[in-house]
Amino acid sequence: MSVSYAILADIVGSRTLADRPDAQRTFREALTQAARGLGLLQEPYATVGDEFQALAPTLDGALLLTLRTQLLLPEGLELRFGIGQGEARTVSEDAATPIQDGPAWWRAREAIDAAHEAQQRTGFVRTRAVLDDAGATATLNAMLVLRDQAVSRLQDRPRRMLAALLGGATQVEVAAQQGVSQAAVSSVVRGSGAGLLEAQRLLEALGGAGEQGQAL
């Protein structure tokens, strides 16, 4: 069985958006930019209502997609994510986008429901995952709670800096993009963004272990 990672995303507070068409375009643009270079099996696309879907071949790819997207979105626009590990079967390719089913999607639905529930308790949780192993799921979600909290505390410019760095830009390139000194970027990397970047490094390591079928 081929294991992949289904990603569901829905809009936080969609009914309160003043300009829904413009917001939808912003969400699509952020997801498209966040997906660059990740080698996704299915690029992010909009489905019915306020939902988007994507399919990644690896856990670290799914995790990086969700983090990049969070950092790229402007203030006032947010997505909630659910990641599910398992088989994803194509049911029909007749539509413009494939219709899929399988355990990966069922778990992604379970995960996004859990993210919604956790958000109601904490206010800042935006990401949940459901993996094959219950212990691995708990470990990963504990780290995602801390990651989501760190993202929620970032100001707009550090968000943009970190999004660019996680997209492969150097500190010098980010400084030029943002019109600041390289020292200012380094300050974010060593300050407000330090824990976030280190957590992402560890999550990517966990993703590598998952690809090899090892327990976290």
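A: Here is a short tour of the sheet, its helices, the salt bridges and the cores.

A: This is a predicted model, where local features need pLDDT of at least 70, side-chain atom pairs count only at pLDDT 80 or more, and totals for chains, interfaces and linings use all residues. Residues are numbered from 1 along each chain as its sequence is written, and side-chain values use heavy atoms, with hydrogens and water left out.

Q: What is the strand order in the open sheet?

A: The order is E2-E3-E1-E4-E7, five strands with mixed pairing. Strands (E, at least two residues) and helices (H or I, at least four) are DSSP runs, numbered from the N terminus. Two strands pair if DSSP finds at least two bridges between them.

Q: Which strands stand at the edges?

A: Strand E2 (42-46) and strand E7 (127-130). Each has a single partner strand, so one side of each has no neighbour in the sheet. On average, neighbouring strands here are turned by 15° against each other, direction ignored.

Q: How many bridges join E1 to E4?

A: Eight, between residues 4-11 of E1 and residues 79-86 of E4, and the two strands run antiparallel. In one of these pairings, Ile7 has Ile83 in E4 as its bridge partner.

Q: Now the helices. Which strands does H1 lie across?

A: Helix H1 (residues 20-34) lies across E1, E2, E3 (51-56) and E4. H1 runs at about 10° to E3. Angles run from 0 to 180 degrees between N-to-C directions, with axes fitted to C-alpha atoms, for helices over the stretch in contact. Contact means heavy atoms within 4.5 Å.

Q: And H3?

A: Helix H3 (residues 103-122) lies across E1, E3, E4 and E7, at about 145° to E4.

Q: New topic. How many salt bridges are there?

A: The count is nine. A salt bridge here is a side-chain nitrogen of Lys or Arg within 4 Å of a carboxyl oxygen of Asp or Glu. One of them joins Asp10 and Arg80, at 3.1 Å, N to O. Asp10 is in strand E1 and Arg80 in strand E4, so the pair ties together parts 70 residues apart in sequence.

Q: Is Asp10 buried or exposed?

A: Buried, at 18% relative accessible area. Arg80 is buried too, at 7%. Buried means under 20%, exposed over 50%, and partly exposed in between (1.4 Å probe, protein chains only).

Q: Which residue does Glu51 meet in a salt bridge?

A: Arg109, at 2.8 Å, N to O. Glu51 lies in strand E3 and Arg109 in helix H3, so parts 58 residues apart in sequence are tied together. Glu51 is buried at 13%, while Arg109 is partly exposed at 36%.

Q: Where do Glu198 and Arg201 lie?

A: Both are in helix H8 (residues 194-211), three residues apart, about one turn of the helix.

Q: Last topic. How many residues are in the largest nonpolar core?

A: It has 49 residues. A nonpolar core is a set of buried Ala, Val, Leu, Ile, Met, Phe, Trp, Tyr and Cys residues joined through side-chain atoms within 4.5 Å. Those with the most contacts inside this core include Ile7, Phe27, Leu79 and Ile83. Helix H2 (residues 59-72) gives the most to this core, with seven residues.

Q: What does Leu79 touch?

A: Leaving aside neighbours within four places in sequence, Leu79 is in contact with residues including Asp10, Phe27, Phe52 and Arg126. A second, separate core of seven residues includes Ala6, Ala104, Trp105 and Ala108.
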